[in-house]
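Have the structure open and follow along.

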Amino acid sequence: MFRKLLTAVALAGTIFAGSASVQAADLQVLKVGVSAGPYAEILRYASELAKKDGIDARVIEFTDWTLPNAALAQDDLDLNVFQHQAYLDNQVAQRGYDLVSVGKAIIVPFGLYSKHITSLSEIKDGATTAIPNDPSNGARGLELLEKAGLIKIKPGAGINATVLDIVENPKHLKIKELDAAQLPRALDDLDFSVVSLNYAISAGLEPKKALLLEDANTNWNLVFAVRAKNKDNATIKRFIALYRSPEIKEFIAKRFNGTILTTW
């Protein structure tokens, strides 16, 4: 099923043509899964650098967060880069995937966005907000609400925090749990919401107008994931090194104007 799915999805993906100095027959092919939006744009730029190094990195975009790991586990991808470690750990525990992380990628900040207010100080008593409904990103959303001074979470809850771990809610916020991709569209009916930057940009939201953004001190950086048997694969290691290069760092800084952060 996933092979048929990826055949269809790959038609919309980006596969760069070979450079004049490298013949197509000499390329080592890597199928790389990624979420649509900024993640994919950075990965496509990295694939251009990789082509010059003899690696044909074929970028396959997904809009459903559950599919990249399923495709990777079934050998339809060689690696993916769309998730943080907590999400990967949760997927491995729940679904039995033999997947591991092999390096840090970028930090794509969660933010608090609103179509009705312009600052945290405008949040009223009883306001309605929302967080992602998957376990790890739900905890991440709660952490951002705590950073904003809106709630307090039970000490030690960490990446397993749920709304049941809220010990203080002075503004009596009503917190909904929605699919991450739905959060930007739900803003019309919410006072404000937690939104991942990739979905924010895809929905036309401006990160610089967010009520609050995560910063470089967050532990929620993205990771490269592979099947455990490929954790020492030389081509994958070389591709990750190219991704984590000064050229990519400069591209990210210029293209995203500080709203996406690097870990190198």
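Helices (H or I, at least four residues) and strands (E, at least two) are DSSP runs, numbered from the N terminus. By that count, the protein has eight helices and 14 strands. What you see is a predicted model, in which local features need pLDDT of at least 70 and side-chain atom pairs count only at pLDDT 80 or more, while totals for chains, interfaces and linings use all residues. Residues are numbered from 1 along each chain as its sequence is written, and side-chain values use heavy atoms, with hydrogens and water left out.

**The cavity**

A cavity is a set of points, on a 1 Å grid over the protein atoms alone, where a 1.4 Å probe fits but cannot get out, and its lining residues have an atom within 4 Å of a point. Grid points are joined across faces, edges and corners, and a volume is the space filled by probe spheres set on the points. The structure holds one cavity of 30 Å³ or more, and about 70 Å³ of space lies in the largest cavity.

Which residues line the largest cavity? They are Tyr-39, Trp-65, Phe-82, Gln-83, His-84, Tyr-87, Phe-110, Asn-137, Arg-140, Ser-196 and Leu-222. E3 and helix H5 (135-147) each supply at least two residues of this lining, and the largest share, three residues, comes from E3. Sorted by type, the lining has six nonpolar, four polar and one charged residue. Here Ala, Val, Leu, Ile, Met, Phe, Trp, Tyr, Cys and Pro count as nonpolar, Asp, Glu, Lys and Arg as charged, and the others, Gly among them, as polar.

**The rings**

A pair of aromatic rings is described by the distance of the centres and the angle of the planes. Rings of Phe, Tyr and Trp (its six-membered ring) pair if their centres lie within 6.5 Å; planes under 30 degrees apart count as stacked, over 60 as edge-to-face and the rest as tilted.

| Pair | Centres | Planes | Type |
|---|---|---|---|
| Tyr-45 and Phe-251 | 4.1 Å apart | at 5° | stacked |
| Trp-65 and Tyr-87 | 6.2 Å apart | at 75° | edge-to-face |

Tyr-45 in helix H2 and Phe-251 in helix H8 are 206 residues apart, so their pair links distant parts of the chain. Trp-65, in the loop between E2 and helix H3 (67-73), sits 22 residues apart from Tyr-87 in helix H4 (residues 85-95).

How covered are they? Buried means under 20% relative accessible area, exposed over 50%, partly exposed in between (1.4 Å probe, protein chains only). Tyr-45 is partly exposed at 29%, whereas Phe-251 is buried at 16%. Trp-65 has 10% and is buried; Tyr-87, at 6%, is buried too. Ring pairs also link Trp-65, Phe-82, Tyr-87 and Tyr-199 into a cluster.

**The core**

Of the 264 residues of the protein, 50% count as buried. A nonpolar core is a set of buried Ala, Val, Leu, Ile, Met, Phe, Trp, Tyr and Cys residues joined through side-chain atoms within 4.5 Å. In the largest one, with 47 residues, Ile-42, Leu-79, Ile-106 and Phe-239 touch the most other members. The largest share of this core, seven residues, comes from H2. Apart from it lies another core, of 22 residues, among them Ile-117 and Leu-173.

Terms used:
1 Å grid on protein atoms, 1.4 Å probe; cavity = no way out; pocket = protein on both sides within 12 Å on 5 of 7 lines; lining within 4 Å.
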